Amino acid sequence: MLALRNVLRQKRRSAVAISAVGFGVVALILAAGFIEWIYQAMREDTIHSHLGHAQIVRPGYLDSGMADPFAYLLPAAPDELKTIESLPHVRTVAPRLAFSGLISHGEATISFVADGVDPEKEELLSRTLLISKGEGLSSRDPQGIIIGDGLAANLGVKVGDRVVLLANTASGGINAVEAHVRGLFSTVTKAYDVLFPNLADIGDSALRLPLPVARQLLRVTGAHRWLVLLDDTAHTESLVADLRQRLTGTKLEVVAWHQLADFYNKTVALFSNAGEWVTTYRS
């Protein structure tokens, strides 16, 4: 009672103190909301640029796939893909075939890292892949490829130019295909980690091409990864648990997106350590 009477007696001082406390609370709430919005935006951009909500791979592929990519190929199994696509909350399952090689234009030859993809399914999965010039991939144009802005600048190519792709085949030989540049692209992150997130500035070496052409170049069937896209990120953990149960006994591994998002995880950890009131966004 005495404290209340003192507050009422010093109205101006009390009003200033209450205003300061209220301003501080509002500032904290707004800051926390802004940080969580950053997490959510970064999460969705990461998922819809190159990771998907979950990936199905051969055990050991993520650790050793670069050294021996042909040892971790998944089978060409359209029926299994359709079965996974029929699960609740699954929008699409997109196969990807990752490889590296050399791209030539005129007298210039540069190394590249590439993903062979299904153009139609990638329209849903890679919505944050920004086509800066030209057009995206199309199954109606099987020889058309898209090249990262950095690679195009280093190679000196523009939309419509013809290039030659050279890569090692599964049998140990060398094969080449001719293609034309259908478009140039960029991503939401400079480190376009299409395969291994520890590689830096890989966006300067990235390209994408239709999956049939990639298989023709490497003389293989199948893919390295099946990327699963959901209608809501909140269903990721339940979907991953369901897939792991269904694939028990098979030589397949299911990996959730946040196990692959190294940059996202480090950013969340950085902000979380800077303020204990910030919570991680890994739903």
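Helix H4 gives the most residues to the lining of the second largest pocket, four in number. Helices here are DSSP runs of H or I with at least four residues, strands are E runs of at least two, and both are numbered from the N terminus. The model is predicted: local features need pLDDT of at least 70, side-chain atom pairs count only at pLDDT 80 or more, and totals for chains, interfaces and linings use all residues. Residues are numbered from 1 along each chain as its sequence is written, and side-chain values use heavy atoms, without hydrogens and water.

The second largest pocket holds about 240 Å³ of space. Of its 18 lining residues, Pro78, Leu81, Pro95, Lys121 and Arg215 are the closest to the centre. H4, helix H5 (119-125) and helix H7 (211-218) each give two or more residues to the lining. By class, the lining has twelve nonpolar, one polar and five charged residues. A pocket is an open set of points on a 1 Å grid over the protein atoms alone, where a 1.4 Å probe fits, with protein on both sides within 12 Å along at least five of seven lines; lining residues have an atom within 4 Å of a point.

Lysine 121 also forms a salt bridge with glutamate 85 (3.2 Å, N to O). A salt bridge is a side-chain nitrogen of Lys or Arg within 4 Å of a carboxyl oxygen of Asp or Glu. Lysine 121 lies in H5 and glutamate 85 in H4, so the pair ties together parts 36 residues apart in sequence. Glutamate 85 is partly exposed, at 23% relative accessibility. Buried means under 20% relative accessible area, exposed over 50%, and partly exposed in between (1.4 Å probe, protein chains only).

The structure holds twelve salt bridges. One of them joins aspartate 115 and arginine 225, with the closest N and O atoms 3.5 Å apart. This pair links strand E3 (residues 108-117) to strand E9, 110 residues apart. Aspartate 115 is buried at 1% relative accessible area, and arginine 225 is buried at 2%. Shared partners join Arg96, Asp115, Glu122, Arg208 and Arg225 into one network of salt bridges.

In helix H8 (residues 236-246), Thr236, Leu239, Val240 and Leu243 are buried. They cover an arc of only 100° around the axis, which puts them on the same side of H8. The arc is taken from the directions from the helix axis to the C-beta atoms. The buried residues of H8 pack against strand E1 (54-57), H4 (78-85), strand E2 (90-105), E9 (225-230) and strand E10 (253-256); contact means heavy atoms within 4.5 Å.

Conventions
Grid points are joined across faces, edges and corners, and a volume is the space filled by probe spheres set on the points. Ala, Val, Leu, Ile, Met, Phe, Trp, Tyr, Cys and Pro count as nonpolar, Asp, Glu, Lys and Arg as charged, and the others, Gly among them, as polar.
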